[in-house]
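Please open the structure in a viewer and keep the sequence at hand.

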Amino acid sequence: FTISIKQAPCGVESKCMAALFGGIEGGGTKFVCALGSGPDDIRAETRFPTTTPEETLGKAIAFFREQQALHGMLSAIGVASFGPLDPNPVSVTFGHILPTPKPGWANADIVRPLQEAFALPVGFDTDVNGAALAESRWGAGQGCDPVVYLTIGTGIGGGVLVNGRLLHGLLHPEMGHIPLPHDLERDPFPGVCPFHLDCFEGLAAGPALEKRWGQRGETLPPDHPAWDLEAHYIALALSSFIVTLSPQIIILGGGVAQQAHMLPLIRQKVQQQLSGYVQSPYVNEWIDQYIVLPGLGQRAGVLGALALAQQATEQG
Ligand code: ADP
Ligand code: ZN
């Protein structure tokens, strides 16, 4: 039966018969749920505010139950969530959010309620690892390995795909919390990370921009000195990731990176900081195709969840 699905001859038929996945993009302020077989075949989507784990997961479960009745059974569910979280299947806290300042979510079990409701494989990873996987399968990262996906918004987080797999280890990468050189004469702002003050996130995420300059990033004009400093910090971090991970592409998501004038400035500063040391034409000549926006645009998050579901069926 599975073979006949894959070999279904006509587009329409194969679309109707393709394996269906459920994706849950779990954000700090909202959840997005989608049901479909891939980026060109999303059958249904919904979004609702993040409240308590019980209520929020309950809404997701109700959505998939309702949609399964209309579109057919799901093959797997993927959750791409804010962190920190435990993605290690052999750990006792697998599938949980780890201690977090977010009220009500510390130690919340995300995976078990879904398994109990649907008895399906459940993929579970960070939002940025999910986005890295989706970009690798369907977006800007196709044909590249390693893929680094970095989001710069309310927080800063990074996901990494390497040798075809998402990078885990102790837990998962925490690329927003690397220390950065901080010239206190140029930038006396102490930083806002509750753990480290002036780590990358503490200096360069949206809330740092807002607190340092007294206005939200969205309202700062393109010629404001905020942007040169912001690009400086982002470029320092990217230069570190380039020399440590040797990625074949770096994809920048999140609101701050979407400022049109930022990308050229970041690319130029990365080249300056690396000073020709990394001998790859991607850095030295083709940097416009090396440090890029998500090919899936704003959809990278929810498609990341769908990609995690698809991956959960491949890994059995
Ligand atoms: P989230 O990280 O919450 O998913 P965003 O990526 O939109 O969502 O990040 C929100 C943060 O980024 C806020 O601090 C906001 O001020 C800032 N931000 C969002 N869009 C922009 C923009 N176009 N330019 C600068 N800052 C932005
Ligand atoms: Zn930090």
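**First stop: the zinc site**

Select His177, and colour it by accessibility: His177 is partly exposed, with a relative accessible area of 24% (buried means under 20% relative accessible area, exposed over 50%, and partly exposed in between, with a 1.4 Å probe and protein chains only). Cys193, by contrast, counts as buried at 3% relative accessibility.

Before going further, please note that this is a predicted model, in which local features need pLDDT of at least 70 and side-chain atom pairs count only at pLDDT 80 or more, while totals for chains, interfaces and linings use all residues. Residues are numbered from 1 along each chain as its sequence is written, chains are lettered from A and ligands numbered from 1 in the order in which they are written, and side-chain values use heavy atoms, with hydrogens and water left out.

Which atoms coordinate the zinc ion (ligand 2)? They are ND1 of His177, SG of Cys193, ND1 of His196 and SG of Cys199, at 2.1 to 2.4 Å. Donors are N, O and S atoms within 2.8 Å of the metal (3.2 Å for Na, K and Ca); water is not among the atoms, so sites may look incomplete. The angles subtended by the four donor atoms run from 102 to 120 degrees, which makes the arrangement tetrahedral (four donors count as such if all angles lie between 85 and 135 degrees). Ideal angles for four tetrahedral donors are 109.5 degrees.

Along the sequence, the donor residues of the zinc ion (ligand 2) follow the spacing H-x15-C-x2-H-x2-C. His177 and Cys193 both lie in the loop between strand S8 (165-166) and helix H6 (200-204), so the pair ties together parts that are 16 residues apart in sequence. Helices (H or I, at least four residues) and strands (E, at least two) are DSSP runs, numbered from the N terminus.

Remain in the loop between S8 and H6 and select Leu197, which is placed there. Its phi is near 60 degrees, a positive value in a residue other than glycine. Leu197 is partly exposed, with a relative accessible area of 45%.

**Second stop: helices H8 and H9**

Select residues 225-245 (helix H8) and 262-274 (helix H9), whose axes come within 8 Å and cross at roughly 55 degrees. Axes are lines fitted to C-alpha atoms, for helices over the stretch in contact, and angles run from 0 to 180 degrees between N-to-C directions. H8 is thus described as oblique to H9 (angles under 35 degrees count as roughly parallel, over 145 as roughly antiparallel, 65 to 115 as roughly perpendicular and the rest as oblique). Among the residues that meet here are Trp227, Ile234 and Leu238 in H8, and Met262, Leu265 and Val270 in H9; contact means heavy atoms within 4.5 Å.

Next, select Ser246, in the loop between H8 and strand S9 (249-253). Ser246 has a phi near 50 degrees, again a positive value in a residue other than glycine, and at 52% relative accessibility it counts as exposed.

Is Asn129, in the model, buried or exposed? Asn129 is buried, with a relative accessible area of 0%, and its place is in helix H5. Leaving aside neighbours within four places in sequence, Asn129 is in contact with Gly159, Val160, Leu166, Leu167, His168 and Pro173.

The contact includes Leu133, Ala134 and Trp138 of H5, and Leu303, Ala307 and Gln311 of H11.

Select helix H3 (residues 53-71) together with H4; they pack at an angle of about 30 degrees, with their axes 11 Å apart. H3 and H4 are therefore roughly parallel to each other. Leu57, Ile61, Phe64, Arg65 and Gln68 of H3 make the contact with Pro113, Leu114, Ala117 and Phe118 of H4.

Glu25 is found in strand S1 (residues 20-26). Its C-alpha atom is separated by 6.1 Å from that of Gly301, 276 residues apart along the chain.

Finally, select Pro84, in the loop between strand S4 (74-81) and helix H4 (111-118); the peptide bond from Gly83 to Pro84 is cis, with omega near 0 degrees. The peptide bond from Asp145 to Pro146 is also cis, and Pro146 is found in the loop between helix H5 (127-138) and strand S6 (147-152). Most peptide bonds are trans.

Key:
Four donors count as tetrahedral if all angles lie between 85 and 135 degrees; four count as square planar and six as octahedral if opposite donors are over 155 degrees apart and all others between 65 and 115; anything else is irregular.
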